[in-house]
Amino acid sequence: MYRHVVDRSSGNVVDIIVEDFCTDELLKYITDSSRGTKRLRLVNCLDITDEGLSEVASKLPLLEELEISNSFLSHEPLQVVEASCPLLKSFKFNHRWYIWDRRKSNNHALAIAGTMHDLHHLQLRGNKPTNDGLRAILDRCPHLETLVLRQCSHLKLGGELGRRCAERIKKLQLPDDPIDNLNFFYPSACSDMDDVCYELLSGNVFYVFL
């Protein structure tokens, strides 16, 4: 069904949202068929690998907004994405948050800071950076306007770094802020799905849920 919708778009799909079932093979099929994609959202797509995302990144030269929520991806493909997608302005890299998971990691934060210098909007809900990782992002991403740090429980923003965020960022969500209104760029998914639901909107936007 997904391939059928892509085929019917005649290469004109601008917005792609996939939840729960995307694979490397399907993502490659989409990007091979739709080189004009500007917005890509992958949610709970646990079968997407580092190699798969790295391979298709070069086929998304017009990409402006990217969301990857709840994945097993490492920091490595993020560097490839930025090198291949010079127009990228919005990046969401969210994870499920578990109160018992106390691991810290700045790998993703440093990858973002090292490559995504033109970002205007960044969402890192449920990630594990420390103050050092956040400081690197602020140092190297001078255009940031929106920064969501909800559930980034290793950040300590009571001092200078917190003041810096408050002064610089227009739309700021801190680790303990409510999770309402986190979805800045995409409509909410349908609330009631039985087996399969898809919509083709305005000829160039489609949603598929399983």
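## Cysteines

Cys-152 is buried, its relative accessible area being 0%; here "buried" is under 20% relative accessible area, "exposed" is over 50% and "partly exposed" is in between, using a 1.4 Å probe and protein chains only. Cys-85 is buried too, at 0% relative accessibility. The disulfide count is zero, going by a cut-off of cysteine sulfur atoms within 2.5 Å.

A word on the source: this is a predicted model, where local features need pLDDT of at least 70, side-chain atom pairs count only at pLDDT 80 or more, and totals for chains, interfaces and linings use all residues. Residues are numbered from 1 along each chain as its sequence is written, and side-chain values use heavy atoms, with hydrogens and water left out.

## Overall make-up

The protein has seven helices and nine strands, taken as DSSP runs (H or I of at least four residues for helices, E of at least two for strands) and numbered from the N terminus. Of its 210 residues, 49% are buried. Take the contacts (heavy atoms within 4.5 Å) with a separation of 6 or more: 73% of them join residues 24 or more positions apart.

## The nonpolar core

Which residues have the most contacts inside the largest nonpolar core? They are Phe-91, Leu-122 and Leu-134, in a core of 50 residues. Such a core is a set of buried Ala, Val, Leu, Ile, Met, Phe, Trp, Tyr and Cys residues joined through side-chain atoms within 4.5 Å. Domain 1 (1-82 + 194-209) and domain 2 (89-173) both contribute residues, so this core lies between them; the domain bounds come from an automatic or database assignment.

Setting aside neighbours within four places in sequence, Leu-134 contacts Leu-147, Leu-149, Leu-155, Leu-157, Leu-161 and Cys-165.

## Rings

There's one aromatic pair, where rings of Phe, Tyr and Trp (its six-membered ring) pair with centres within 6.5 Å, and planes under 30 degrees apart are stacked, over 60 edge-to-face and the rest tilted. Phe-91 and Phe-93 have ring centres 5.7 Å apart and planes at 25°, so they're stacked. Both are buried.

Elsewhere, Arg-3 sits over the face of Tyr-29, 4.5 Å from the ring centre; the cut-offs are NZ of Lys or CZ of Arg within 6 Å of the centre and within 35 degrees of the ring normal.

## Around α3

Helix α3 (residues 50-57) has Asp-50, Gly-52, Leu-53, Val-56 and Ala-57 buried. Their cover includes α2 (24-33), β3 (65-69) and α4 (76-84).

In the loop between β2 (39-43) and α3 you'll find Asn-44, which counts as buried at 18% relative accessibility. Not counting residues up to four places away in sequence, Asn-44 touches Asp-20, Ser-69, Asn-70 and Arg-96.
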